[in-house]
Amino acid sequence: MKAQPPIDAPVTAGFLGPDRNWHLSAGAVTAVTVIAFAIWSFGHAGAGVSPPLLLLAIAFGLFMAFNIGGNDVANSFGTSVGAGTLTMKQALMVAAVFEVSGAVLAGSSVTETVRSGIVDIDSMHVDPQSFVYIMMSALLGAAVWLLLATKMGWPVSTTHAIIGGIVGAAVTTGLVTGTGGLEMVQWGEIGQIAISWILSPLLGGIVAFLLFGAIKRHILAPAARAIALGSHGFDDAEDDDDDDEDEDEDEERRHVPASERVSELQQAAFAESAALDLTPGGPGAELAAQAAGLSKKKRKAARKIERKAAYHALEKRVPPLAAGAAVVIAAMLVFKGLKNVGLDLSLGGGILLLIMVGIAVWMAVTVFARALKKQSISRATFIMFSWMQVFTASAFAFSHGANDIANAVGPFAAVLDVLSTGEISEEAAVPTAVLAAFGIALISGLWFVGRKVIATVGSGLTSMHPSSGFAAELAAAAVVMLASVLGLPVSSTHILIGAVLGVGIVNRAANWKLMKPIALAWVITLPAAASIGAVVVLVLRAIF
């Protein structure tokens with residue numbers, strides 16, 4: 001397999017670089033969306049609304065959604081792009097379909113006016129206009145911090161950012177109006193967030209470590225050994241030649257330095273290259289050295305055994321793994337997303353549906369694995385895990401669109417409801433036009449500013465391959481589901497980062513140096529967004 005190109009290749013050719021048409025198309029779609037949404041918003045809000053205030057609310061809301069795309073969506077697709085399973089353009093297309101579909105089909109149709117109940121705004125007896133300022137300030141405060149973090153390549157929690165923005169704006173408003181102060185903050189909720197800084201990556205890391213460790217031992221290792229035993233360290237056609245080749249040529253090859261063969265092994269940009277430790281003294285280097293010293297006949301005999309074991313692993317061990325992954329992902333969609341579209345299944349009905357999904361996937365993957373026996377073991381393994389990762393990435397995108405878009409939609413829907421009705425409602429309806437416009441803003445953010453976060457998750461913390469990327473995504477999905485069932489305070493962003501590090505620990509290649517600024521960014525997300533939100537609310541109150 002050819003080595004994958006850099007995730008964030010430098011732009012060197014012409015105006016806007018080689019992706020000019022993509023940039024212009026994305027920009028045009030974004031511009032049309034903003035204009036159309038602004039026209040719709042004025043019609044929805046009615047004639048009595050303040051045009052400057054509504055325009056600012058629209059700008060702040062779409063800007064927040066844009067930065068969720070640049071940070072949170074980019075974080076979700078980082079493993080897929082880093083593994084070479086998807087290119088940046090393919091990730092954009094997958095996100096465009098599944099993020100927007102998740103937002104429109106399964107996005108929250110009703111949102112609470114106060115996000116997460118972390119600030120007791122009711123105790124302030126705040127007037128509707130002040131409430132609008134608080135929500136708008138929270139949107140801009142969170143968005144500005146997300147943009148700064150994204151520019152640095154730090155994946156942070158968008159939920160913590162919007163919570164911080166609301167805290168800063170609400171407390172500042174309370175202090176200015178004399179209706180409240182720090183006592184409005186529910187500090188127990190802040191403590192839950194602090195717990196999530198440790199609990200989320202820890203759980204994600206443990207599950208990914210166990211899952212990828214098992215995949216590496218039982219599925220990847222036979223394939224890696226077969227490749228190491230191949231001529232020149234590759235799974236090539238020469239090894240299928242007759243055994244009667246000139247032994248003198250083999251005698252010369254026997255003395256090729258093992259380091260050269262290890263180097264050749266490292267050039268293989270696919271899943272199995274992560275299955276062996278290729279550092280000096282590691283089992284990969286030792287195996288390469290042993291292969292270099294074997295006669296061709298002995299090497300081929302050993303390789304046939306490993307090839308048979310590798311294909312057996314693909315046919316017998318990958319299908320139940322894929323079925324388990326399908327059940328986890330389907331459970332995430334069935335029990336977390338489909339309620340919003342009227343498909344509220346009973347527990348028994350949901351379990352029956354999951355069993356059917358698992359059996360269907362098991363059978364389909366088994367047939368697929370058998371069909372791949374005509375491919376070389378390296379290509380077969382790469383194709384298998386690549387397709388599995390495409391499905392996990394798509395499901396993550398749908399789930400993300402259905403859930404995390406609320407961090408932008410929630411406050412904006414509350415603002416739009418107040419501007420339309422003139423009063424604060426306990427719940428605010430979210431029109432489909434809002435979900436669609438904010439979903440498009442997510443995709444725009446992914447394309448224009450998401451590359452640094454993708455690089456961090458996809459290659460900065462550890463090297464990614466389809467198998468390790470699949471393991472990280474599946475581990476993160478499983479932990480998110482488990483945490484939802486148990487009511488644990490976790491962040492999906494932090495879980496995925498922990499899962500990536502868990503994979504890195506298995507391969508002894510985790511970049512802890514890069515993790516330090518990311519961890520610091522997690523801690524300062526809430527106070528940073530709160531500080532910006534506090535300043536913005538003062539400016540809005542002064543202007544309006």
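## Helix packing in a predicted model

The crossing of α6 and α18 is right-handed. In this model, which is predicted, the axes of helix α6 (residues 187-228) and helix α18 (residues 492-506) come within 6 Å and cross at roughly 40 degrees. Because of that angle, α6 and α18 count as oblique to each other. On the α6 side the contact is made by Ser196, Trp197, Ser200, Pro201, Gly204, Gly205, Ala208, Phe209, Phe212, Gly213 and Lys216, which meet His494, Ile495, Gly498, Ala499, Gly502, Val503, Ile505 and Val506 in α18. Sorted by class, the residues in this contact of α6 with α18 are 10 nonpolar, 8 polar and 1 charged.

Helix α2 (residues 51-82) and helix α4 (residues 128-152) have axes that come within 8 Å and cross at roughly 35 degrees, and the crossing of α2 and α4 is left-handed. The contact of α2 with α4 comprises 18 nonpolar and 6 polar residues, with no charged residues.

Helix α10 (residues 296-316) packs against helix α12 (residues 347-371) at an angle of about 155 degrees, the two axes being 8 Å apart. Since angles over 145 degrees count as roughly antiparallel, α10 and α12 are therefore placed in that category. Leu314, Glu315 and Lys316 in α10 meet Thr366, Ala369 and Arg370 in α12, and by class this contact of α10 with α12 holds 2 nonpolar, 1 polar and 3 charged residues.

| Helix pair | Axis distance | Angle between axes |
|---|---|---|
| α6 and α18 | within 6 Å | roughly 40 degrees |
| α2 and α4 | within 8 Å | roughly 35 degrees |
| α10 and α12 | 8 Å | about 155 degrees |

Because its relative accessibility is 2%, threonine 392 counts as buried, the cut-off being under 20%. Leaving aside residues up to four places away in sequence, threonine 392 touches Ile329, Phe470 and Glu473.

These details belong to a chain with 19 helices and 2 strands. Of its 544 residues, 55% are buried, and the chain exposes about 22400 Å², with carbon and sulfur atoms supplying 65% of that area. Among contacts between residues at least 6 apart in sequence, 84% join residues at least 24 apart.

Notes
Residues are numbered from 1 along each chain as its sequence is written. This is a predicted model: local features need pLDDT of at least 70, side-chain atom pairs count only at pLDDT 80 or more; totals for chains, interfaces and linings use all residues. Side-chain values use heavy atoms; hydrogens and water are left out. Helices (H or I, at least four residues) and strands (E, at least two) are DSSP runs, numbered from the N terminus. Buried means under 20% relative accessible area, exposed over 50%, partly exposed in between (1.4 Å probe, protein chains only). Contact means heavy atoms within 4.5 Å. Accessible areas come from the Shrake-Rupley method with a 1.4 Å probe; for residues, only the protein chains shown count as cover. Axes are lines fitted to C-alpha atoms, for helices over the stretch in contact, and angles run from 0 to 180 degrees between N-to-C directions. Angles under 35 degrees count as roughly parallel, over 145 as roughly antiparallel, 65 to 115 as roughly perpendicular and the rest as oblique. A crossing is left-handed if the near helix is turned anticlockwise from the far one by less than a right angle, and right-handed if clockwise. Ala, Val, Leu, Ile, Met, Phe, Trp, Tyr, Cys and Pro count as nonpolar, Asp, Glu, Lys and Arg as charged, and the others, Gly among them, as polar.
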